[in-house]
Amino acid sequence: MNAHLRRVVISVTASAVAAASLAACGGDGSEGDGSGKGDAIKVGLLLPEDQTARYEKFDKPLIEKEVGKLTRGKGQVLYANAKQDAGAQNSQIAAMIAKKVDVLIIDAVDSKAVAGAIAKAKEAKIPVVAYDRLAEGPIDAYTSFDNEDVGQLQAKALLDALGDKANSGQIVMMNGSVTDPNAKQFKAAAHGVLDGKVTVGKEYDTVDWKPENANTNMASALSALGKSRIVGVYSANDGMAGGIIAALKAAGVTSLPPVTGQDAELAGVQRIVAGEQFMSVYKRYAPEAAAAAEMAVALAKGKKIDGVINELVDSPTTKRVPSVLVPGVVLTKSNIKSTVVDDGVYTVDEICTDRLKAACEEIGLK
């Protein structure tokens, strides 16, 4: 485990806390030493980018909805998206402070670069909930998915897909951005499963998680290793998997090696149906968003969050941060219906375009 990201497990499981987060209102309901504000609070929500579909389609509306429920419709969510610009995000935080929000939920573009702005929020007595990525600085709470679990799920799925071919060639590892602490955890956890079982021919830390950068990296790997020698690709998310698969096709690879992913983006799910991408990690955004909203509303009202959290996490700058970590689910052809369809994330019609009708029927998506 990353030395800066030590976790202390509390006495309840992540899934139990996630369920409790959806049903509860205002943490454990006990009053802290805060302002005693009523429901008419202002929540500043800052998300990192709009290239990954999840933020605008899921996270933002889910958090807005939950804040509304917890404040009986009286709470207000002020929103800003940094579009992968750390400097812009710091300016957005300053603007939120000037607007006197009661609490901030921040998904950091750059976990280190945001620390100074978070310190200024703290000086203004505005609590901060780090969302999805563990921001540095004096944060009050954190919620995300269990990133070590995600990296392990991806790596184990890749090994399962490779089977006897694991030692017959080399794999390429396409990790996320070095500015994202989650990427470091995915990478370390995946290595913990893969090391000694496969040969990593090329490995990349992909700037800004961008699919086009993953595409360029994969083209370089193909040139260096040769397309016949690559038996699998560890891709840290679905967006990059799309760029990787495009590079494989452009190189004339007709029998695609297993490629992993994460986020269960619609395009990723469709590639899984088509047999182009082997798997993704489906992360149920509703429990994560609910936990963030619940902690934020409670902190804004000066209430304790002891009854919400399930772990304590150390960042490089802050020890024992009260946290909620939510587990992920391996998504393959076999469980698309029981996960993203049954949960209402996508409809069968959205997934099964004309091009995919036959493939959908083969796996029971009708």
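**Talking through the model**

Colleague: Let's start with Gly261. Does Gly261 count as buried or exposed?

Modeller: Gly261 counts as buried because its relative accessibility is 0%. Buried means under 20% relative accessible area, exposed over 50%, and partly exposed in between (1.4 Å probe, protein chains only).

Colleague: What sort of model is this, by the way?

Modeller: It's a predicted model, where local features need pLDDT of at least 70, side-chain atom pairs need 80 or more, and totals for chains, interfaces and linings use all residues. Numbering starts from 1 along each chain as its sequence is written, and side-chain values use heavy atoms, without hydrogens or water.

Colleague: Okay, back to Gly261. Where does Gly261 lie?

Modeller: In the loop between α8 (238-250) and α9 (266-274). Helices (H or I, at least four residues) and strands (E, at least two) are DSSP runs, numbered from the N terminus.

Colleague: And which residues is Gly261 in contact with?

Modeller: Leaving aside neighbours within four places in sequence, the partners of Gly261 include Gln154, Ser235, Ala236, Asn237 and Asp238. Gln277, Met279, Ser280 and Val281 are also among them. Contact means heavy atoms within 4.5 Å.

Colleague: New topic: sheets. What strand order does the open sheet of three strands have?

Modeller: The order is β8-β7-β9, and the pairing is parallel. Two strands pair if DSSP finds at least two bridges between them.

Colleague: Which are the edge strands there?

Modeller: β8 (200-205) and β9 (230-235), since each of those pairs on one side only.

Colleague: How many bridges join β7 to β8?

Modeller: Five, between β7 (residues 170-175) and β8, with the strands running parallel. To find one spot in that pairing, look at Asn175, which has Asp205 of β8 opposite.

Colleague: Now strand β2. Is β2 mostly covered or uncovered?

Modeller: Mostly covered: β2 spans residues 42-47, and five of those six residues are buried.

Colleague: Which strands does β2 pair with?

Modeller: One partner is β3 (residues 76-81), in the parallel sense over six bridges. Another is β4 (residues 103-106), also in the parallel sense, over four bridges.

Colleague: Next, Asn147. Where does Asn147 lie?

Modeller: In helix α5, which covers residues 147-162. Asn147 counts as buried because its relative accessibility is 4%.

Colleague: What does Asn147 touch?

Modeller: Tyr142, Asn182, Gln185 and Phe186, if you don't count residues up to four places away in sequence.

Colleague: Last thing. How many disulfides does the structure hold?

Modeller: One. The disulfide joins Cys352 to Cys360, with 2.1 Å from S to S. The cut-off for a disulfide is a pair of cysteine sulfur atoms within 2.5 Å.

Colleague: Is the link of Cys352 and Cys360 left-handed or right-handed?

Modeller: Left-handed, with -100 degrees about the S-S bond.

Colleague: And are those two cysteines buried or exposed?

Modeller: Cys352 and Cys360 are both buried.
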